[in-house]
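Please open the structure in your viewer and keep the sequence panel beside it. The tour below goes from one selection to the next and says what is there at each stop.

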Amino acid sequence: MRRLLERWKTRTIELRTDALTLYYAYRDPRTPRITRFVAIAVAAYALSPIDLIPDFIPVLGHLDDMVLVPLGILIAVRLIPEEVLLECRMRAKETLSARPRLLGAAPVIIVLWAGLLAAAMYALYTQIITG
């Protein structure tokens, strides 16, 4: 049991590092636009306190955290140019080792989700009106 808890703790730290890496890759001008969109969407979802499937729903609630987040990170990481990825990963590790918590991230995440929702609603609205 102790070994399993250590593995989960290690994987949690890796996911946090990967999410921060995606955020830094999003901000890097060498990252292609579509990759930036994928990276910020995955990072926002990974760091967001709001889940697509709420955790209180048995099995499915935690399935998104255990499957969707790592899969999204894997896809986003593969889209990032290698030199950008290495630099951003080093920067993320330095940031997390120097400051273990990103205080004040909740308002930023809420604004990101609101912006993504507004953009999706606008795109859907324009498709229905022009459609």
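In which helix is leucine 4 found? Select this residue and you will be in helix H1, where helices are DSSP runs of H or I with at least four residues, strands are runs of E with at least two, and both are numbered from the N terminus. This is a predicted model, in which local features need pLDDT of at least 70 and side-chain atom pairs count only at pLDDT 80 or more, while totals for chains, interfaces and linings use all residues. Residues are numbered from 1 along each chain as its sequence is written, and side-chain values use heavy atoms, with hydrogens and water left out.

Stay on leucine 4 for a moment: at 40% relative accessibility it counts as partly exposed, the term for values between buried (under 20% relative accessible area) and exposed (over 50%), with a 1.4 Å probe and protein chains only.

Next, select alanine 43, which has its place in helix H2 (residues 33–47). Alanine 43 counts as buried, at 4% relative accessibility, and, leaving aside residues up to four places away in sequence, it touches Ala19, Leu22 and Tyr23, contact here meaning heavy atoms within 4.5 Å. From the C-alpha atom of alanine 43 to that of isoleucine 75, 32 residues apart along the chain, the separation is 12 Å.

Now select residues 82–98, which form helix H4, with 17 residues and a reach of 24 Å from its first C-alpha to its last. That reach is close to the 24 Å expected at 1.5 Å a residue, the expected span being 1.5 Å times one less than the number of residues. Colour Val84, Leu85, Cys88, Ala92, Thr95 and Leu96, the buried residues of H4. Looking down the axis of H4, you will find that these buried residues fall within an arc of 95 degrees, so they line one face of the helix; the arc is taken from the directions from the helix axis to the C-beta atoms. Helix H1 (2–27) and helix H3 (60–79) are included in what covers them. Turn to the face of H4 that points away from its buried side, and the exposed residues there are Glu82, Met90, Lys93, Glu94, Ser97 and Ala98.

The last stops concern charged pairs. Side chains of opposite charge can pair when their charged atoms come close. A search of the whole structure finds three salt bridges, each a side-chain nitrogen of Lys or Arg within 4 Å of a carboxyl oxygen of Asp or Glu.

Select arginine 89 and aspartate 18, a salt bridge whose closest N and O atoms are 3.8 Å apart. Arginine 89 lies in helix H4 and aspartate 18 in helix H1, so this pair ties together parts that are 71 residues apart in sequence. Arginine 89 is partly exposed, at 26%, whereas aspartate 18 is buried, at 14%.

Finally, select arginine 30 together with aspartate 28, where the closest N and O atoms of the salt bridge are 2.9 Å apart. Aspartate 28 is buried, with a relative accessible area of 11%, and arginine 30 is partly exposed at 39%. Through shared partners, salt bridges join Asp28, Arg30 and Glu87 into one network.
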